Amino acid sequence: MKGDDMEQTLEREKALRGGVPSRKMTVMSSSEKESEQVKGESLAPLIRVADYSFFYGASQTLFNVNLEMYENKVTAIIGPSGCGKSTLLRNINRMNDLVDGISHRGDILIHGQSIYDPHLEVTELRKRIGMVFQKSNPFPKTIYENVVYSLRVAGINNRTVLDEAVESSLRSAALWEEVKDRLEESALGLSGGQMQRLCIARAIANRPEILLMDEPCSALDPIATAKIEELIYQLKKDFTIVIVTHNMQQAARVSDYTAFFYMGKLIEIGETKKIFMSPSVKQTEEYITGRFG
Ligand SMILES: Nc1ncnc2c1ncn2[C@@H]1O[C@H](COP(=O)(O)OP(=O)(O)OP(=O)(O)O)[C@@H](O)[C@H]1O
Ligand SMILES: [Mg+2]
């Protein structure tokens, strides 16, 4: 990165973080550096789901879930429809707060800090967590304004900073070459696969730490899917990614760890290779070999 580019990036990051330079909120305790999930590797969990249960009204959707997700790794969440995958994902950035009558037990921690910590502003939390949905949802605005949306919301209007964010985010989302000459055109004129990559560019424009993806390829053709999968591989250098997918091959291709859920319970989590080659639990094997779900 050239000196000027670096300065702009730092300026953008500083503005987004309200002058707080560090990406991390707290230092991890030594116990958090231990993980039973990854034997032989000393990875620190970035996200820790601790004995977490979740309820929509009286209906319990997640049951005492314990799992860890690691920095710069891709964790895939798999399981049959209705098992609570999206619910877990949407709680990591507290999007489910918008639903009436919800409650939880247990905790979700990011860098050791509870996402429910009363000192933590939900808007600050969401700035650190980008989200991409099953159906791409570009705003009816130009390609440029879609990418810079979160920066504008954060009060950043400096054209140089915005231009830099647009180019770097679109490059990271592998879309720059396709749209660089039509940034002022409506995002709604893009193809489905391009729209999804635009949504990824929008989600990473404010440099979040975590990227949550809920079935990001399910509406895409195989070529667009392959592009997004390649992108996920590239993006994990900069982000920690959690992806929900119904596509077993996709989970096997893109993820480092796979968590299998069934009826709101985490049945098994481990290195993707292990889960697919020699799962410990029979239910996992039955699911990944297509015998149920
Ligand atoms: N807003 C909501 N209000 C009430 N119940 C909900 C709400 N959202 C989800 N649920 C229920 O929670 C359970 C888990 O749903 P969730 O969307 O998390 O499943 P999922 O594993 O993502 O399924 P799919 O693979 O079909 O997307 C389901 O029984 C669902 O009906
Ligand atoms: Mg879902």
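The protein has 13 helices and 10 strands. Helices (H or I, at least four residues) and strands (E, at least two) are DSSP runs, numbered from the N terminus. This is a predicted model, in which local features need pLDDT of at least 70, side-chain atom pairs count only at pLDDT 80 or more, and totals for chains, interfaces and linings use all residues. Residues are numbered from 1 along each chain as its sequence is written, while chains are lettered from A and ligands numbered from 1 in the order in which they are written.

**The four-stranded sheet**

Start with the open sheet of 4 strands, ordered β2-β1-β4-β5 with antiparallel pairing. Two strands pair if DSSP finds at least two bridges between them. The edge strands, β2 (59-70) and β5 (113-114), each pair on one side only. Helix α3 (residues 85-92) packs on this sheet and touches β1 (45-56), β2 and β4. Its direction makes about 65° with that of β2. Such angles run from 0 to 180 degrees between N-to-C directions, and the axes are lines fitted to C-alpha atoms, for helices over the stretch in contact.

β1 and β2 form a hairpin with 2 residues between the strands. There, G57 takes a positive phi near 60°.

**The six-stranded sheet**

A second open sheet holds 6 strands in the order β6-β7-β8-β3-β9-β10, and its pairing is mixed. β6 (129-132) and β10 (265-271) stand at the edges with a single partner strand each, so one side of each has no neighbour in the sheet. Neighbouring strands are turned by 15° against each other on average, direction ignored. Helix α9 lies across β6 and β7 (210-214) and runs at about 170° to β6.

| Strand pair | Bridges | Residues opposite each other |
|---|---|---|
| β1 and β2 | 8 bridges | F54 and L62 |
| β4 and β5 | 2 bridges | L109 and S114 |

**Around ligand 1**

Which residues surround ligand 1? They are Y56, T61, G79, S81, G82, C83, G84, K85, S86, T87 and V99. A residue is near a molecule if its C-beta atom, placed from the backbone, lies within 6 Å of it. The shell divides into 3 nonpolar, 7 polar and 1 charged. Here Ala, Val, Leu, Ile, Met, Phe, Trp, Tyr, Cys and Pro count as nonpolar, Asp, Glu, Lys and Arg as charged, and the others, Gly among them, as polar. Helix α3 gives the most to this shell, with 3 residues.

**The core**

Of the 293 residues, 39% count as buried. A residue is buried if 20 or more other C-beta atoms lie within 10 Å of its own. The largest nonpolar core has 68 residues, and I77, A201, L211, L212, I241 and I243 touch the most other members. A nonpolar core is a set of buried Ala, Val, Leu, Ile, Met, Phe, Trp, Tyr and Cys residues joined through C-beta atoms within 7 Å. Helix α9 (residues 192-204) supplies the largest share of this core, 7 residues.

L211 is in contact with G130, V132, A203, I204, L235, F239 and I241, leaving aside neighbours within four places in sequence. Contact needs C-beta atoms, placed from the backbone, within 7 Å.

Helix α9 also holds Q196. Why does Q196 count as buried? Because 30 other C-beta atoms lie within 10 Å. Q196 touches S136, P216, L220, A224 and I228, not counting residues up to four places away in sequence. The C-alpha atoms of Q196 and L220 are separated by 8.7 Å, although the two residues are 24 residues apart along the chain.

Methods:
Two residues are in contact if their C-beta atoms, placed from the backbone, lie within 7 Å. A residue is buried if 20 or more other C-beta atoms lie within 10 Å of its own, exposed if 12 or fewer, and partly exposed in between; C-beta atoms are placed from the backbone.
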